[in-house]
Amino acid sequence: MTVEIIAEIGASHGGTEESLRDLIHNAAACGATAVKVQCYTPDGMTLPIAAPEFTCQHDPWKGRLLWDIYEEGAMPLDLLLPASDEAH
């Protein structure tokens, strides 16, 4: 039986290629055989509206627009191919 270990990078990359590359290498060094990232853009998640329905109500992001939070965590799609190449 083969066991695969998938490291969840999620939005921890901070949107930079260098950080994503480091996370991929760290995951491999810890024994991961694959990594998973979250690919989205803010416009696929919410609207840029300053209203209570679109504002985070809880810490640590209380008072911030959901759009801004999702924008910070989004992985630029142009990093996908370099990330895949790096992982192989």
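## Exposure classes

Buried means under 20% relative accessible area, exposed means over 50%, and partly exposed lies in between. Arg64 has a relative accessible area of 27%, so Arg64 is partly exposed. The model described here is predicted.

## Salt bridges

Side chains of opposite charge can pair when their charged atoms come close. The structure holds three salt bridges. One of them joins Glu72 to Arg64, with the closest N and O atoms 2.4 Å apart.

Lys36 and Glu8 form another side-chain salt bridge, at 3.1 Å from N to O. Lys36 lies in strand β2 (residues 34-37) and Glu8 in strand β1, so this pair ties together parts that are 28 residues apart in sequence. Lys36 is partly exposed, at 39% relative accessible area. Glu8 is partly exposed too, at 47%.

Arg21 pairs with Glu17 in a salt bridge, and their closest N and O atoms are 3.8 Å apart. Both residues sit in helix α1 (residues 17-29). They are four residues apart, about one turn of the helix. Arg21 has a relative accessible area of 30%, and counts as partly exposed. Glu17 is also partly exposed, with 38%.

## Nonpolar core

The largest nonpolar core has six residues. Its members are Ile9, Leu20, Ile24, Met75, Leu79 and Ala83.

Leaving out residues up to four places away in sequence, Ile24 touches Ile9, Val35, Ala83, Glu86 and Ala87.

Glu86 belongs to helix α3 (residues 80-87). Its relative accessible area is 30%, so Glu86 is partly exposed. With residues up to four places away in sequence set aside, Glu86 touches Arg21, Ile24 and His25.

Glu86 and Ile24 are 62 residues apart along the chain, yet their C-alpha atoms are separated by 7.6 Å. Arg21, another contact of Glu86, is the residue that forms a salt bridge with Glu17.

## Surface patch

Met1, Val3 and Ile5 form a nonpolar patch on the surface. Together they have about 410 Å² of accessible area.

Val3 is found in the segment before β1 (6-10). Val3 is exposed, because its relative accessible area of 59% is over 50%.

## Thr55 in its loop

Thr55 lies in the loop between β2 and α2 (66-73).

Setting aside neighbours within four places in sequence, Thr55 is in contact with Gly63, Arg64, Leu65 and Leu66. One of these contacts, Arg64, takes part in the salt bridge with Glu72.

## Cysteines

How many disulfides does the structure have? The count comes to zero. The rule requires a pair of cysteine sulfur atoms within 2.5 Å.

Cys30 is exposed, at 71% relative accessible area. Cys56 is buried, at 14%.

Notes. Residues are numbered from 1 along each chain as its sequence is written. This is a predicted model: local features need pLDDT of at least 70, side-chain atom pairs count only at pLDDT 80 or more; totals for chains, interfaces and linings use all residues. Side-chain values use heavy atoms; hydrogens and water are left out. Buried means under 20% relative accessible area, exposed over 50%, partly exposed in between (1.4 Å probe, protein chains only). A nonpolar core is a set of buried Ala, Val, Leu, Ile, Met, Phe, Trp, Tyr and Cys residues joined through side-chain atoms within 4.5 Å. Contact means heavy atoms within 4.5 Å. Patches are made of residues with over 30% relative accessible area and no salt bridge: like charges are joined within 9 Å, nonpolar side chains (Val, Leu, Ile, Met, Phe, Trp, Tyr) within 5 Å. Accessible areas come from the Shrake-Rupley method with a 1.4 Å probe; for residues, only the protein chains shown count as cover. A salt bridge is a side-chain nitrogen of Lys or Arg within 4 Å of a carboxyl oxygen of Asp or Glu. Helices (H or I, at least four residues) and strands (E, at least two) are DSSP runs, numbered from the N terminus.
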